[in-house]
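Please look over the sequence and the model shown here before reading on. The paragraphs that follow lead through a few of its local features.

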Amino acid sequence: MGSLTMATARRTPAIVAALIMLLGLAQGTATADAKRVEPTATVLRDTLLDSSAIYFVSYDGLVNNNPFQQSGIFAYGRYQYAAWYRSDRYAVIARRQVPAGRWEMITLPHRLSTDDSHNVISMAVSPRDGRLHIAMDTHNTPIYYTKSEPGLATRPGPWEVSRFGPIQHTLDGIDLGGISYPQFVVTPDRRLQFSYRTGGSGNGTNELAEYSAGTWTRLGKWSGATGTYTNPANGVVSPTRNMYLHGITYGRNGRLYAAFTWREGNQAVLCAPGGLDNHDTGYVYSDDQGRTWRNNAGEQVGTTGGQLVSIDSPGLVVDPLGVDRGLMNQESQAIDAHGQPHVIISYVPEESKPCVTSYQADRTAYGRAYHLFRDHKGGWHKTQIPEPLNAVGRSRIVLDRHDNAYVIMPYGRIVAASKASGWTDWKVLFDPPVGPGGLNAFGEVDVDDSRLATAGVLSFMYQQKSTGTTPSPIRVIDFKLGE
């Protein structure tokens, strides 16, 4: 016992216990404090990609910046990649070594085929062989696709167009037909999957393909267009529709998540011409990499290549909303550390305007964004974000390492809410002036959520506002989040 007296010795276990209790309390306080970390966004840098990117407005958007690209800018390994169309219509792929390397450019031998903002560029890396895959320039038309040589992303060497294969009109020989909305996701076992829509707006289906061992396989359709929707307000019936995804995302638990809205094929269901016949927010998930699909209650409601998820499937709707609200399709979703989905939707509240007569004008004048999230018991919660849209376009949600939520709104505005508040204390973190003196962003931006997951840095690509078809600069801005 050294210099301790016998009395002190007898008290030692109690002292140790007290110290352990105090240490535990301190650790508990630290944990609690960690849960109360406030969301922050600090600008790190703003870099120019191209001073003369193609510019035209169609379907209220720009072809170089649409959130439904899902991966028009993304990070993998030591590099960040970005893609856009130059003013001469050629597709450009760039990379830079993170955090602040110089952008290197290559020009692909493909020119944008039509002035349609749907015809975006999406990219991904297949981790097993290190190839960079590029899908582009499609809206109800055959794909333009190319992939790099093996190892381009895992063993970086010279950034040269010769390291890419020819531009194909198929997926390595698989004829997908006319498709829209190409998106890539990587499975938990490091295979690459390709999500796309066949058919058209109001009468289309979602499909999956998978790349493994150097070969693409078409898995098939998983959502269906059939079934009946009746607008209770006017009794009009619609017999067809398509499922518009707010995202298709794997969580850390290996689950594949897909929140969505339906768009009807019969526009007569609307209260007035000029509206948008999207309705409801639905949710499904897959625990077997997209082979089977389950509803919010865990009941199987579909099989890829078999029984399709349809409007008649039970338990899909988690937030009911009618067709007359100007509800946006293909907004965004993110998955938190506990495997629960967070979804951003936006529409015109009924109290602002009961009948949306022009979704562009009414969304700009009255539109609001809403944050939806699922709790561990399966309940869904909804909060209106207080910052007005003041725009037609979509917003993107990301989560930092504390699961604080950040929403990047049109014009590059950032609003955030803390996990500790239950994602209710929304506040503006970044609000650049609209026009010269600010970012001068056109509207929607394209977000790199992969770099945020690995480095705590949010990057988004934005194009500056122009007029007519006058080219404009396209840039990338970086923020440090959650410190």
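Is Val392 buried or exposed? Val392 is buried, with a relative accessible area of 16%, where buried means under 20% relative accessible area, exposed over 50%, and partly exposed in between, with a 1.4 Å probe and protein chains only. The model is a predicted one, in which local features need pLDDT of at least 70 and side-chain atom pairs count only at pLDDT 80 or more, while totals for chains, interfaces and linings use all residues. Residues are numbered from 1 along each chain as its sequence is written, and side-chain values use heavy atoms, with hydrogens and water left out.

Val392 belongs to the loop between strand E25 (380-384) and strand E26 (396-399); strands (E, at least two residues) are DSSP runs, numbered from the N terminus. Leaving aside residues up to four places away in sequence, Val392 touches Asp60, Met328, Tyr359, Gln360, Arg363 and Thr364, a contact being heavy atoms within 4.5 Å.

From Val392 to Ile121 the C-alpha to C-alpha distance is 22 Å, across 271 residues of sequence. In strand E6 (residues 121-126) six of the six residues are buried, so the strand is largely enclosed by the rest of the structure. In a regular strand the side chains alternate between the two faces of the sheet. Both faces of E6 are covered, with Ile121, Met123 and Val125 buried on one side and Ser122, Ala124 and Ser126 buried on the other.

E6 pairs with E7 in the antiparallel sense over six bridges, pairing being called when DSSP finds at least two bridges between two strands. Ala124 has His133 of E7 as its bridge partner, and in the hairpin of these strands, with four residues between them, Gly130 takes a positive phi near 70°.
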